[in-house]
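Here is a short tour for anyone with the coordinates open. Let us take a few places in turn and see what surrounds them.

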Amino acid sequence: MSHPIQAAEFLQDQAKSKWHDETLWFVRDKRDKISKSVPEWENLRELASQIKDNVLANLGSYLEEFEKNAKANNIHVHWAKDAEEHNRIVLGILQEKRCNAIVKSKSILTEECHLNPYLEKNGIEVVDTDLGERIVQFLNQAPSHIVLPAIHLKKRDISEIFHEKLHTEKGNEDPDYLTHAARIHLREKFLSAKVAITGVNFGVAETGEFVVCTNEGNADMGVHLADVHIACMGIEKIIPKRAHLGVFHRLLARSATGQSVTNYTSHFRSPFPGKEIHIVLVDNGRTAQLARPKFKNSLKCIRCGACMNTCPIYRRSGGFSYESTVPGPIGSILSPGIDLQKHSSLPFASTLCGSCTDVCPVKINIHEQLYEWRQEITKAQPDRAKSLAMKIANGVFAVPFAYNLSGNMMRGALKILPDSITYSGLNTWGKQRDLPELPKESFKDWYKKNRK
Amino acid sequence: MSSRDLILSKIKAVPLEAKELPTIPEFEFEGDLKARFIASILANKGEVITKAEFFSLLDSGVFEKVYSHIEDFSSFNNIKITEDAHQLNDLNLAIIRGQFGVAENGAIWLEDRDMGLRALPFITEHLVIVLDSAHLVANMHQAYDRIGLQESGFGLFIAGPSKTADIEQSLVIGAHGAKSLRVVLI
């Protein structure tokens, strides 16, 4: 289904969609306030952008450097060309360890690879441990936002599903109470898991270490209690040096939620004695995106979600309307590269206002890339209704007589036609818009009368 | 061809123009490091207490099971630490020493030797970090300068207690990890 159809569904519940819009704007506002408290904010964005440019220009050599150093630190390094291979590698490790239940902290990459259903099909219990992710997992949903996975839900919804799954009191919607119930439930899972999976925020070529950021501490609860830590990392997450973490950590949490840093920033360099760390480096379309000069900059993304919080379309249409793992403006330039047919409506789900580009901490030209994708998509699959309208318009504008005649006809007709015809399904422009009030005469007639 | 070689060859096949790495300049920091650090910890929902307040907290007896990884306070220890972190599940209070703190965000740097078991600062119900107020840096650039290329297997910035806002954006302290962070600034 296309984005407009999904968005219309989201907007059915007006109170909820208004709350969604206002809450995300509040997060955007927090980001504005805290970014303005850092005098060198714009310098940091420029530095981050330049570091990422350098990464994309030397991706292969940084990956090899990372692999060499990680191996020297006793980390097992795996490479996966696509989602299927990534999933097979993870399952292989679990089977070797005879593990049939895992805990997993937030990883957008494993969502992209659809790891959970794959593991479940192979008899593995997967427990997402980020509170928001656990909530949507209970509901058999995907996260609707990359930083705020359950932002589409109200506490009433969460109270209901917790009552069903965790036997909390019916009707108790207190966030403290519900979070505490989840703490007790997930503590059991942490204590019993032999393998823990995490995502990766940054991989450092210079040291072979990788960094994971959370506020809940769920990634660390999982990996430090388990015997085996599997970290899943997109190849574009690499950065050259440890010192560069300073730049990205100053930008990431401030851009994401308006806080100065996440409460836990964990650097994994080598496994604890007697334990194992595996890292899976995943391509899954990233090298193809790198080869597209107009779109390769999308690979600079550090997944802060700031472009979603600011986007007037995302805020009013919800994450699910995009039907893509990464929704919002950045998702709308990443997803068409993976499946152009499926995601062809996404680059049009934008006003091209440029707010996404303005807040992006690594200065990705998101709105320009959205525009570029529109050109590509129109070339690949011309929209028939619009192209017919354009052909007619072309004929009318080319012949003065036809133009004058049709102008007179429309001024007359629109006055007497009922709205059901004027705003019929053929007039896609008029779905959410009113036509302007019509003048009584054309400018040409008015000019003839008033100026000789 | 292995997937490794396939991925690397695909990258090599893309013609890319050279891009220099930028130099990170020294950014000036205005104001008092200690005051800023304290404000940052409070913003992260942690607390900053004095040594005297710390001792009276320990004497209050509200913490049943206590473990200090700092030699100076090991007289308060009333549990034995084994190699198995699972046994820390009912620990009420852990006391560790932070290497240094970052004024701009309240982050405190810890390495393997500062915590013993990596699970310690997460699994404990409450956490105290003792920090020398002379060991403060202004920002994250200075922090990584100070860390340098140390070789600890695990390195960690802690900036506050475990928290979440996943239910309607309402802030709740104590998601999975420590329900409180008290920083003893000496």
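B:Phe27 has 16 C-beta neighbours inside 10 Å, so it counts as partly exposed; being buried would take 20 or more, and being exposed 12 or fewer. As this is a predicted model, the neighbour count is a property of the prediction.

Which residues does B:Phe27 touch, not counting residues up to four places away in sequence? They are B:Asn139 and B:His141 from its own chain and A:Glu40 from chain A. The chain also brings B:Gln142 into the picture: this residue is 115 residues apart from B:Phe27 along the chain, yet their C-alpha atoms are separated by 9.4 Å.

## Where chain B meets chain A

The contact between the two chains involves 60 residues of chain B and 66 residues of chain A. On the chain B side, the elements that give two or more residues are helix 1 (3-12), helix 2 (33-43), helix 5 (120-123), helix 6 (140-147), strand 8 (154-158) and strand 9 (163-164). Helix 1 of chain B provides the largest share, with eight residues. By residue type, the side of chain B that touches chain A divides into 30 nonpolar, 19 polar and 11 charged residues.

Strand pairing also links the two chains. Strand 8 of chain B pairs with strand 9 (residues 264-268) of chain A in the antiparallel sense, over five bridges.

## A covered strand in chain B

Now for strand 3 (residues 93-97) of chain B: is this strand mostly covered or uncovered? Mostly covered, as five of its five residues are buried. In a regular strand, side chains alternate between the two faces of the sheet. Here both faces are covered, with B:Leu93, B:Ile95 and B:Arg97 buried on one side and B:Ala94 and B:Ile96 buried on the other.

With strand 2 (residues 66-68) of chain B, strand 3 of chain B pairs in the parallel sense over three bridges, and B:Tyr67 has B:Ala94 as its bridge partner. With strand 6 (residues 126-131) of chain B, the pairing is parallel and runs over five bridges; there, B:Ile95 stands opposite B:Val128.

Notes: Residues numbered from 1 in each chain as written. Chains lettered and ligands numbered in written order. Predicted model: local features only at pLDDT ≥ 70, side-chain atom pairs only at ≥ 80, totals over all residues. Contact = placed C-beta atoms within 7 Å. Helix = DSSP H or I, 4+ residues; strand = E, 2+ residues; numbered from the N terminus. Nonpolar A, V, L, I, M, F, W, Y, C, P; charged D, E, K, R; others polar. Pairing = 2+ DSSP bridges.
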